[in-house]
Amino acid sequence: MPLILETIVTTTSPAGDLHLVPFGLIREGEEWVLAPFRPSPTILNLDANPVFAASSPSDVRVIAGAVTGRRDWATLPCDRIPGRRLAESFGHAEFEVIAVEDDATRPRYRARMVHSASHMPFFGYNRAQAAVLEAAILSTRLHMLEPDKILTEMRYHAIAISKTAGPAEREAWDWIEDKVAAALGRGEPVLARAPQAP
């Protein structure tokens, strides 16, 4: 199996409009592959402007926000390609597409890295961040999985949230909980809401 890194990918349209989305970036040797499903703004943007940036967000709310309709996150200009990258990130890399393997369902954009940079120190892993990431991915597959499977996995990930989440991780989790509850017609979340500060 290939190495897949969960990142925030940014592409731009011919008009300069930014599209920001979580993406599993696939490593194949010295190359990297994006494989978006059709239809996708990412596909339209890459066909017109075959470059992209991939950022490692320092705030897991970016990932949870992007899968729940919250895409207005700060960005900065890229260094080597015409585009933008996530501002609040541990680091980012910039890519040029060198080949496209067309497919009616999921084309593959093969790219080479032309630049990378670190932006802030990384102090350690957090189980709640990993739980938010897994729940975010789960929330994009609600149409593919049985409700019992979804709830079983959400309950498991909720353990890490209850034990290790800070305010940002808890807010991110709540966004995903709301999406899952709405999709499944549930009136209550898997994990009780954290008390609000006075």
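Predicted model: local features only at pLDDT ≥ 70, side-chain atom pairs only at ≥ 80, totals over all residues.
Q: Which annotation in the UniProt record covers residues 6-119 and 126-177?
A: Residues 6-119 are 13% helix and 52% strand, with end C-alpha atoms 18 Å apart. UniProt positions are given here in the numbering of this model, with feature names shortened, and annotations may be inferred rather than shown by experiment. The unreviewed UniProt entry places both 6-119 and 126-177 under the annotation "domain: DUF447".

Q: How much area is buried between domain 1 and domain 2?
A: The domain assignment, whose bounds come from an automatic or database source, gives domain 1 (3-118) and domain 2 (127-193). Contact, meaning heavy atoms within 4.5 Å, links 11 residues of domain 1 with 14 residues of domain 2. Buried area is the accessible area (1.4 Å probe) that two parts lose on being put together, summed over both. Carbon and sulfur atoms give 77% of the area buried between domain 1 and domain 2, and that area is about 1000 Å².

Q: Is V67 buried or exposed?
A: V67 belongs to helix α2 (residues 61-67), and, leaving aside neighbours within four places in sequence, it is in contact with P22, A136, S139, T140 and K179. Buried means under 20% relative accessible area, exposed over 50%, and partly exposed in between (1.4 Å probe, protein chains only). Because its relative accessibility is 15%, V67 counts as buried.

Q: Why do the buried residues of α1 lie on the same side of the helix?
A: In helix α1 (residues 41-48), T42, I43, N45 and L46 are buried, and what covers them includes β1 (3-12), β2 (18-28) and β8. The opposite face, turned away from the buried side, carries the exposed residues L44 and D47.

Q: Which residue is joined to P39 by a cis peptide bond?
A: P39 lies in the loop between β3 and α1. Most peptide bonds are trans. In the cis bond here, omega is about -10°, and the residue joined to P39 is R38.

Q: With which side chain does the side chain of R110 make a polar contact?
A: R110 lies in strand β8 (residues 108-118) and counts as buried because its relative accessibility is 15%. A polar contact is a pair of N or O atoms within 3.5 Å; within protein, one must be able to donate a hydrogen and the other to accept it, and residues adjacent in sequence count only if both atoms are side-chain atoms. Not counting residues up to four places away in sequence, R110 touches residues including W32, V97 and E101. At 2.8 Å, its side chain makes a polar contact with the side chain of E28.

Terms used. Residues numbered from 1 in each chain as written. Heavy atoms only, no water. Helix = DSSP H or I, 4+ residues; strand = E, 2+ residues; numbered from the N terminus.
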